[in-house]
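User: Could you walk me through this structure while I have it open?

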Amino acid sequence: MDSAILSLLGAFLLSIIGLFVFIWSSGKGLLVENPKAASVIFAHGEIGQVDDPALPDAAQDSMQRAAIEGGDQTHPADAVDLQDRIASDQSSAFPVFMFIAFACFWLMLGSIAGLTSSIKLHQPDWLTEQAWLTFGRIRSVHLTAVLYGWITNAALGMMLWLLPRLLRTHLHGAIWAMLGGALINMGIAAAIGAISAGWTDGMEYLEIPWQIAILIFVGFALVILPVLFTLVNRKVEHLYVSVWYMVAALLWIALLFLVAKLPGVHTGVQQATTNWWYGHNVLGLWFTPVSVGAIYYFLPKIIGRPVRSYNLSILGFWTLAFFYGQVGGHHLIGGPVPGWLTTLSIVQSMMMVIPVVAFSINMGGTLKGRMHLARYSPTLRFMMFGGLMYFASSVQGSLEALRSINQVTHFTHFTVAHAHLGAYAFVTMVLFGAIYFMMPRVLNWEWPYPKLITLHFWLSAIGIAIYFIGLTYGGWLQGVAMLDAAKPFMDSVTLTLPYLKWRSVGGSLMVLGHIIFVGHFLAMALRFGPTRTGAALFWQNNQRELAHGK
């Protein structure tokens with residue numbers, strides 16, 4: 001039995017043992033509802049106070065009045081707690097800004113590469129003079145730039161900002177995190193150059209040559225060290241669920257990346273198994289826990305109300321850890337792999353409904369009576385949209401693992417639509433919302449043009465809707481045509497052309513939204529636009545922050 005099968009089997013047995021331990025602890029009453037842990041994200045007396053730094057003063061006041069009309073009362077926040085929060089934000093400000101700036105750069109590069117590759121699907125003779133502009137290379141550039149450059153940098157920046165806040169301490173070893181970030185981004189730049197030149201390891205999501213991947217892995221290790229040291233030096237009694245999600249995600253991605261990129265170990269069918277073990281887990285054990293952890297912090301914080309059930313949040317975390325590790329095997333249905341492996345993957349794909357439903361019930365209960373606040377808060381809109389798309393993409397992914405559906409959708413544009421529903425509609429929209437919330441507190445400056453945030457949201461939301469609906473429908477028709485033995489293969493290709501054009505339309509709207517987002521970020525960083533000082537944290541004038549919210 002080869003190493004890939006042994007690894008998958010071992011991970012499955014560990015997840016089953018962990019699940020039974022979790023069930024036993026629940027039966028013994030070790031996991032009881034913990035309102036104190038659910039409230040740890042708030043300063044003393046802060047519950048009931050809405051918070052969205054992306055809003056102007058007048059809109060913030062309107063949002064607060066709307067929240068009070070919903071039945072909750074506000075109280076003055078504790079000054080000492082707010083001072084601790086200011087100190088935590090200050091300790092992480094420069095590393096966070098560095099990661100978010102890198103993320104914005106790679107977002108623009110990846111967006112342009114993605115739109116170029118999209119247009120090439122229905123205009124194959126466009127930009128063919130240069131080898132690096134051919135579809136095979138430019139699409140891999142797009143994947144590397146958005147998955148590793150945009151999402152990973154934005155996720156790391158958000159982690160480094162949130163963890164000191166949640167642990168009520170300063171960021172320990174910030175210089176090591178910055179060094180790690182520099183190595184990660186050197187690796188991404190080198191990888192994109194290598195892929196453009198035709199040097200690649202040839203596996204989806206793992207195109208980066210292993211010699212360059214060493215830089216990225218060392219960078220992850222250097223970021224992990226200050227995160228763990230900050231965790232050890234925490235000043236809180238309870239670890240909020242977002243800490244569980246984010247610290248686990250950081251450890252998971254480092255391990256996943258290390259195993260997947262080991263040179264000379266994975267070959268043949270074993271390589272395909274490892275490829276999709278990594279390819280699915282990079283979404284489920286890196287992007288997903290980071291984004292779910294972000295929603296568990298930002299959504300309650302914005303509306304000024306603790307999460308409805310802390311137990312459900314912990315249940316969601318552990319069931320995600322138990323069930324997700326084997327999900328990627330459903331990409332190998334019909335391939336030369338053991339039948340039990342794909343069956344196990346299908347079962348665990350269906351079991352993923354448990355953490356998704358737990359999250360959805362919890363967020364619905366938390367938002368009950370306060371969903372109307374999305375009319376005021378652009379950040380809340382991003383978080384709610386991302387949370388809804390988490391439910392949609394996860395349910396669709398579980399159904400897509402079933403053999404009856406998989407035989408139609410496999411090797412079609414349907415799977416591309418599904419990937420973007422998860423990586424963009426869910427993960428990227430949550431990261432946008434997090435950045436809009438964080439940056440006024442990082443840069444001591446508010447977003448100069450708040451209306452651009454709303455414009456960005458609608459361009460991205462409408463763009464991904466057109467993209468997803470067009471490719472989902474077109475991909476299903478493509479799969480049906482491919483299964484029809486009476487039709488030539490080219491029929492399944494030509495029928496997708498109108499839907500591929502709609503893909504480019506949706507992608508163009510998304511790219512336009514990204515241009516607005518990055519341009520707005522630059523305007524903020526360069527102190528352009530009107531000066532507003534309402535909701536941001538100003539270290540030079542702490543009295544302003546202490547007054548905010550009273």
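User: Which helix gives the most to the nonpolar patch?
Analyst: Helix H17 (residues 489-494) gives the most, with three residues; helices here are DSSP runs of H or I with at least four residues, and strands are runs of E with at least two, numbered from the N terminus. The patch is formed on the surface by Phe 411, Met 482, Phe 489, Met 490 and Val 493, which together have about 540 Å² of accessible area, and Met 490 is found in helix H17.

User: What counts as a patch, and how are the areas computed?
Analyst: Patches are made of residues with over 30% relative accessible area and no salt bridge, joining like charges within 9 Å and nonpolar side chains (Val, Leu, Ile, Met, Phe, Trp, Tyr) within 5 Å. A salt bridge is a side-chain nitrogen of Lys or Arg within 4 Å of a carboxyl oxygen of Asp or Glu. Accessible areas come from the Shrake-Rupley method with a 1.4 Å probe, and for residues only the protein chains shown count as cover.

User: What should I know about the model itself?
Analyst: This is a predicted model, in which local features need pLDDT of at least 70 and side-chain atom pairs count only at pLDDT 80 or more, while totals for chains, interfaces and linings use all residues. Residues are numbered from 1 along each chain as its sequence is written, and side-chain values use heavy atoms, with hydrogens and water left out.

User: Switching to helix H16, is Ser 460 buried or exposed?
Analyst: Ser 460, which is in helix H16 (residues 450-483), is buried, with a relative accessible area of 0%; buried means under 20%, exposed over 50% and partly exposed in between, with a 1.4 Å probe and protein chains only. Leaving out residues up to four places away in sequence, Ser 460 touches Tyr 424, Met 429, Phe 432 and Met 510, where contact means heavy atoms within 4.5 Å.

User: And what does Gly 475 touch?
Analyst: Gly 475, also placed in helix H16, touches Thr 412, His 413 and Phe 414, again not counting residues up to four places away in sequence. Gly 475 counts as buried at 0% relative accessibility.

User: How far is Gly 475 from Leu 495 in space?
Analyst: The two are 9.6 Å apart, C-alpha to C-alpha, and 20 residues apart in sequence.

User: Zooming out, how many helices and strands are there in the protein?
Analyst: The protein has 19 helices and zero strands, and buried residues make up 58% of its 550 residues.
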